[in-house]
Amino acid sequence: MFRGMEPSKGVDRAQYAGIRLGIMQPYFFPYLGYFGLIANTDRWIVFDPVQYIRKGWVNRNRVLKPGGGWKYVSIPVAKHSRETLIKDMTVTDGEDHFDTLVRNLDHYRNMRAPHYQVVIDVLAKCYQPQPSDLTPFITHTLDTVCGYLGIDFNREVYSAMDLKHEPAGGPGDWSLNICKELGVRSYLNPPGGQEFFEPEKFANAGIDLLYHHQELPAYDQRSNDFEPGLSIIDVMMFNEPKAIRDMLDGCKIDKAAGTE
């Protein structure tokens, strides 16, 4: 344990012992690979103590655009300073954000997306209660979508965990130090950002560092050209939950070089 630190309070470390952990920032209706990560972990930490990045994925994602191509849909955030952390971000007041989203998805009905109404009903649950703070809202949307898809989502929010672990010396140390504090067996990460991790540090701590490679299969979008990597909203519009779970089976998990 880091010198001078007491064990974390309010966290049942026993439930983390020997499990595979995923840690990711909260993203707005993320793409299929994000849910592939969730499906291949035992527990999940919504990681929100870092700076909110404008024009990132925290409060927006991509869907089909009428006539071809893609466009953004989002949840608007309140004015904030550049240094504001994700955990402190709030949603703009005085707007019907669900109604705005539905209007931005109306072309899916015109395209005769087979699961349009079912998906709209799922999204309605995501927006109840009315969004206020960004992290709880996105966590609720992830929970709701996972429930619809039939994926276990055993999650906690980092800012509510009161963890006491070594301070991060670099971007890759956050995950390592959280894993060490909780006593997990392995950590699963998407392949992007591998340059931030030092596999030998995980190996020395007895933690398997794993990378998740998700296939993104084409599916019928009722158009001539397939647009890959769109929000899970698009995937759900054209595929039932069982078909989406089958897509998630198309993944490969590699152990990081240097951790064997």
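Me: Buried means under 20% relative accessible area, exposed over 50%, and partly exposed in between. With that scale, is D162 buried, exposed or partly exposed?
Reply: The model is predicted, and the values here are computed from it. D162 has a relative accessible area of 40%. That value falls between the limits of 20% and 50%, so D162 is partly exposed.

Me: Which residue forms a salt bridge with D162?
Reply: Side chains of opposite charge can pair when their charged atoms come close. For D162, the closest N and O atoms of the pair are 2.5 Å apart, where the limit is 4 Å.

Me: How many disulfides does the structure hold?
Reply: A disulfide is a covalent bond between the sulfur atoms of two cysteines. The sulfur of C126, a buried residue with a relative accessible area of 0%, has its closest cysteine sulfur in C146, 10 Å away, which is too far for a bond. C251 is partly exposed, with a relative accessible area of 24%, and the nearest cysteine sulfur to it, that of C146, is 15 Å away. The number of disulfides in the structure is zero.

Me: Which strands stand at the edges of the sheet, each with a single partner strand?
Reply: Six strands form an open sheet of mixed pairing, in the order β5-β2-β1-β6-β7-β8. From one strand to the next, the twist averages 25 degrees. Each edge strand has a single partner, so one of its sides is left without a neighbour in the sheet; these strands are β5 and β8.

Me: Which residue of β5 is the bridge partner of I45?
Reply: Strand β2 (residues 43-46) pairs with β5 in the parallel sense, over three bridges. The partner of I45 lies in β5, a strand that spans 155-157. That bridge partner is E156.

Me: At about what angle to β5 does helix α5 run?
Reply: Helix α1 (residues 32-39) lies across β1, β2, β6 and β7, and runs at about 140 degrees to β7. Helix α5 (residues 134-149) lies across β2 and β5. The angle of α5 to β5 is about 175 degrees.

Me: What kind of pair do the rings of Y127 and F137 form?
Reply: The structure holds 18 aromatic pairs. Y127 lies in the loop between α4 and α5, and F137 in helix α5, so this pair ties together parts that are ten residues apart in sequence. Both Y127 and F137 are buried. Their ring centres are 5.0 Å apart and their planes stand at 65 degrees, so the pair is edge-to-face.

Me: How many degrees lie between the planes of Y219 and F226?
Reply: Y219 is buried, with a relative accessible area of 13%, whereas F226 counts as partly exposed at 27%. Their aromatic pair is edge-to-face, with 5.0 Å centre to centre. The angle between the planes is 80 degrees.

Me: Which residues form one aromatic cluster?
Reply: A pair of aromatic rings is described by the distance of the centres and the angle of the planes. Rings pair if their centres lie within 6.5 Å. The residues of the cluster are Y27, Y34, F35, W44 and F153.

Technical notes:
Residues numbered from 1 in each chain as written. Predicted model: local features only at pLDDT ≥ 70, side-chain atom pairs only at ≥ 80, totals over all residues. Heavy atoms only, no water. Salt bridge = Lys/Arg side-chain N within 4 Å of Asp/Glu carboxyl O. Buried < 20%, exposed > 50% of the residue type's maximum accessible area, 1.4 Å probe, protein only. Disulfide = S-S within 2.5 Å. Pairing = 2+ DSSP bridges. Helix = DSSP H or I, 4+ residues; strand = E, 2+ residues; numbered from the N terminus. Axes fitted to C-alpha atoms, helices over the stretch in contact; angles between N-to-C directions. Contact = heavy atoms within 4.5 Å. Phe/Tyr/Trp six-rings, centres within 6.5 Å; stacked < 30°, edge-to-face > 60°.
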